[in-house]
Amino acid sequence: MASIGLLLGLFGASGCRESPVAPGAPERNVVVEDGRNRGDDPYVVNSAAVDGHELTLEVSYGGGCERHDFTLVISSTFLESDPVQLRALLAHEANGDACEAWITESIDFDLALVRTRYQEFYGPGAGTVVLLITGVSGDDLVYEFAG
């Protein structure tokens with residue numbers, strides 16, 4: 001009997017890990033900080049890059065049974081420097097996922113809101129913003145755009 005229970009437990013656990021991580025996941029989003037908790041579940045950023053108007057983060061986290069939502073939360077103000085800097089953090093909502101598979105995925109964020117906010121502060125035209133994302137080390141993430 002104990003062997004049967006163990007086998008059923010193993011099948012259930014492996015089935016959990018095989019579940020899709022993010023089917024029908026909402027569009028990845030960028031929001032201005034508003035004090036709302038958008039998730040503080042653990043994750044690791046493996047790499048980060050800006051290409052055109054897109055930020056790509058490769059992240060790893062424990063899970064595998066529920067959809068995981070990531071939101072890039074940007075500061076409501078810029079740090080005055082040349083070029084200006086913008087603080088941000090990546091919020092992770094695991095939706096109660098208790099599975100233990102180690103998941104790695106790339107997440108793309110459209111930086112249109114960063115451009116819009118910059119132009120609200122500094123006027124229309126081209127701009128350069130250094131993104132300072134909590135937990136992301138290495139070289140500066142520089143977002144440059146035309147007017």
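User: Which residues do ring pairs link into a cluster?
Analyst: The model is predicted, so local features need pLDDT of at least 70 and side-chain atom pairs 80 or more, while totals for chains, interfaces and linings use all residues. Residues are numbered from 1 along each chain as its sequence is written, and side-chain values use heavy atoms, without hydrogens and water. Rings of Phe, Tyr and Trp (its six-membered ring) pair if their centres lie within 6.5 Å; planes under 30 degrees apart are stacked, over 60 edge-to-face, the rest tilted. The cluster linked by such pairs consists of Phe78, Tyr118, Phe121, Tyr122, Tyr143 and Phe145.

User: How many aromatic pairs are there by this rule?
Analyst: Phe121 and Tyr122 form a tilted pair, with ring centres 6.1 Å apart and planes at 35°. The count by this rule is 9.

User: What is the geometry of the aromatic pair of Phe78 and Tyr122?
Analyst: Phe78 is buried (under 20% relative accessible area; exposed is over 50%, partly exposed in between; 1.4 Å probe, protein chains only), at 9% relative accessibility. Tyr122 is partly exposed at 33%. Their planes are 65° apart and their centres 5.7 Å, which makes the pair edge-to-face.

User: Which residues have the most contacts inside the largest nonpolar core?
Analyst: A nonpolar core joins buried Ala, Val, Leu, Ile, Met, Phe, Trp, Tyr and Cys residues through side-chain atoms within 4.5 Å. The largest one has 27 residues, and those with the most contacts inside it are Leu55, Val59, Leu72, Phe109 and Val129.
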